[in-house]
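Work through these exercises with the structure in view. Try each task before reading its solution.

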Amino acid sequence: MSLNVSVHLIEQAKTGKVQEADFVATIKDSLPYAWGIVEGLAETLARGEEWANHAVPPPSEKERAQLLRMMGGDAIRGAVERHLGIKLAFQNCHNVAAFDPDKLDSSAYQEFISIPSQILNQTPELVDC
């Protein structure tokens with residue numbers, strides 16, 4: 001799953017002056033399933049929750065690919081985090097969490113990104129995801 005990049009955005013990239021808002025709009029349009037997940041997580045944080053988690057398997061491989069693309073691309077994930085004001089963390093094919101970027105010393109964040117949590121979040125059905 002790649003981003004659907006416009007000629008306009010390609011021209012910006014060639015000059016080295018990409019407008020992040022244009023990049024974020026491309027992400028939102030190209031990865032609607034993943035965008036919906038992280039936007040929902042951001043809304044949960046905005047309501048005052050310490051952290052938000054989405055651990056529901058995607059309905060198809062198409063949606064799983066969108067989520068993996070968003071989480072796996074540093075530039076994509078970083079732009080989304082800055083736009084939504086969150087810190088994303090990712091454990092497997094679909095377990096995504098959002099945290100307040102100013103509270104990354106919290107026990108919830110430290111637990112989510114810990115090696116034991118990563119190990120305990122593995123299951124045989126996720127081996128090939």
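A nonpolar core is a set of buried Ala, Val, Leu, Ile, Met, Phe, Trp, Tyr and Cys residues joined through side-chain atoms within 4.5 Å. Keep in mind that the model is predicted.

**Exercise 1.** Find the residues that touch the most other members of the largest nonpolar core.

*Solution.*
- Step 1. The largest nonpolar core has 25 residues.
- Step 2. F23, I27, L31, M70, I76, V80 and L88 touch the most other members.
- Step 3. Now look at the suppliers: α2, α3, α4, α5 and β3 each give at least two residues to this core. The biggest share comes from α3, with eight residues.
- Step 4. Take V80 as a case. Leaving out residues up to four places away in sequence, V80 touches I27, W35, V38, M70 and L88.
- Step 5. A second core of six residues is separate, and A89, A97, F99 and F112 are among its members.

**Exercise 2.** Work out how the buried residues of α4 are arranged around its axis.

*Solution.*
- Step 1. Locate α4: it covers residues 61-72 and reaches 16 Å from its first C-alpha to its last.
- Step 2. List the buried residues of α4: E63, R64, Q66, L67, M70 and M71.
- Step 3. Look down the axis of α4. Its buried residues fall within an arc of 155°, so they line one face of the helix.
- Step 4. Turn to the other side of α4, where E61, K62 and G72 are exposed.
- Step 5. Ask what covers the buried residues of α4. The cover includes α2, α3, α5, β2 and β3.

**Exercise 3.** Identify the residue that caps the N-terminal end of α4.

*Solution.*
- Step 1. The cap is S60.
- Step 2. A side-chain oxygen of S60 lies 3.3 Å from the backbone nitrogen of K62.

Notes: Residues are numbered from 1 along each chain as its sequence is written. This is a predicted model: local features need pLDDT of at least 70, side-chain atom pairs count only at pLDDT 80 or more; totals for chains, interfaces and linings use all residues. Side-chain values use heavy atoms; hydrogens and water are left out. Helices (H or I, at least four residues) and strands (E, at least two) are DSSP runs, numbered from the N terminus. The expected span of a helix is 1.5 Å times one less than its number of residues. Buried means under 20% relative accessible area, exposed over 50%, partly exposed in between (1.4 Å probe, protein chains only). The arc is that of the directions from the helix axis to the C-beta atoms. Contact means heavy atoms within 4.5 Å. A polar contact is a pair of N or O atoms within 3.5 Å; within protein, one must be able to donate a hydrogen and the other to accept it, and residues adjacent in sequence count only if both atoms are side-chain atoms.
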